[in-house]
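Try each task on your own, then follow the solution step by step.

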Amino acid sequence: MKDWDNLIADENLILTKHYTPGRNGRRIDKVVLHHNGGNLSIRGCYDTWQTRQASAHYQVDANGRIGQLVHDRDTAWHAANGEANRTSIGIEHADISTSPWRISDATLDNGAHLVAAICKVYGLGRPQWGVNVFPHFHYTSTECPASIAGDQRDAYMTRAQQWYDSMVNGADVPAQVPQAAPAAPQDDGRLAVDGSCGPATIRRWQQVMGTTVDGVISGQVVPNQRTYWRPALPTSCVTYGGYGSDLIRRVQAQLGQGQDGLLGPGTIRAIQAHLGVAQDASFGPATVRALQTRLNENRF
Ligand SMILES: [Zn+2]
């Protein structure tokens, strides 16, 4: 950032479309975290969002440079949830590894610093997970933000709090703790039970259910924003379309649900009941871990 205290980014590359001017009178009360599902530059985000009905306020690239693509005062289309979009600032982060997903130390440090700066400028208080900082999957069915809500979450949030304490109270900022190298992916044919619903998990689910194996749950509509979930999409977690998924239709048939092929709240609750986990209608890590455990037994 050129100026953390005034939220001036290294680069301004403001979209000309695919956001909503203003916030319909709503106040910013949270930050929502995303990962690219790939390694995009600031320009790469711009090009992607100029051609898709999606956007976020900031992109933190793999070198820690920060771009602003939607002004804070406007509503970016990042959470697949209109109310969440109107009340949040969305930050995207570049991945430097896809298996497992991983953001660089520089991305983690600058993303966390940006969270701290936003919390300070908008009076949100010290950054706290689930209080004023949320993962994308809190609002819709997605694996996003992957490692930032997984094995990099604690380092990210600790760093955000250190930067906040420095910005607000003048506390010293400790040296950044370098991240350990990512764990090697399991290669014994078993899914990692990591709660992250990536392409490997979907492929196995498709094998078990007997549908086309492509690692994608396609055609997922979320009401009022026409967004759908395609975890294998290389450049963004949010786009639009909607035809339903054969995998989800097969799951719905097994569970006695209406077969619209959409992974909506009713279907997620039915899946959660089937897997014996809490029925909160969120396709989050606990549900995915139970699914992965079941798939490793070659059944759903
Ligand atoms: Zn996201």
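**Exercise 1. The whole protein**

What percentage of the 300 residues in the protein do buried residues make up?

*Solution.* Before we start, note that this is a predicted model, where local features need pLDDT of at least 70, side-chain atom pairs count only at pLDDT 80 or more, and totals for chains, interfaces and linings use all residues. Residues are numbered from 1 along each chain as its sequence is written, and side-chain values use heavy atoms, with hydrogens and water left out.

Step 1: recall the term. Buried means under 20% relative accessible area, exposed over 50%, and partly exposed in between, with a 1.4 Å probe and protein chains only.

Step 2: read off the share. Buried residues make up 53% of the 300 residues.

Step 3: The protein has eight helices and twelve strands; helices (H or I, at least four residues) and strands (E, at least two) are DSSP runs, numbered from the N terminus.

**Exercise 2. A helix among strands**

Find out which residues of H1 are buried, and what covers them.

*Solution.* Step 1: list the residues. They are Ile-42, Gly-44, Cys-45, Tyr-46, Thr-48, Trp-49 and Gln-50.

Step 1: draw the conclusion. Seven of the ten residues of helix H1 (residues 42–51) are buried, so the helix is largely enclosed by the rest of the structure.

Step 2: look for the cover, using contact (heavy atoms within 4.5 Å). It includes strands E1 (11–12), E4 (58–60), E5 (66–68) and E7 (88–93).

Step 3: The charged end of Arg-43 sits over the Tyr-46 ring, 5.3 Å from its centre. For this, NZ of Lys or CZ of Arg must be within 6 Å of the ring centre and within 35 degrees of the ring normal.

**Exercise 3. Rings that meet**

How many aromatic pairs are there?

*Solution.* Step 1: set the rule. Rings of Phe, Tyr and Trp (its six-membered ring) pair if their centres lie within 6.5 Å; planes under 30 degrees apart count as stacked, over 60 as edge-to-face and the rest as tilted.

Step 1: count. The rule gives three aromatic pairs.

Step 2: take one of them. Trp-205 and Phe-283 are stacked, at 6.1 Å centre to centre with 10° between the planes. Trp-205 lies in helix H5 (residues 199–209) and Phe-283 in the loop between helix H7 (265–275) and helix H8 (285–295), so the pair ties together parts that are 78 residues apart in sequence.

Step 3: check the surroundings. Trp-205 is buried at 0% relative accessible area, and Phe-283 is buried too, at 3%. Ring pairs link these two residues and Phe-300 into a cluster.

**Exercise 4. Helices that cross**

At what angle do H7 and H8 pack?

*Solution.* Step 1: define the axes. They are lines fitted to C-alpha atoms, for helices over the stretch in contact, and angles run from 0 to 180 degrees between N-to-C directions.

Step 1: give the values. H7 and H8 pack at about 55°, with axes 10 Å apart. That makes H7 oblique to H8, as angles under 35 degrees count as roughly parallel, over 145 as roughly antiparallel, 65 to 115 as roughly perpendicular and the rest as oblique.

Step 2: name the residues. Gln-272, His-274 and Leu-275 in H7 meet Thr-287, Ala-290, Leu-291 and Arg-294 in H8.
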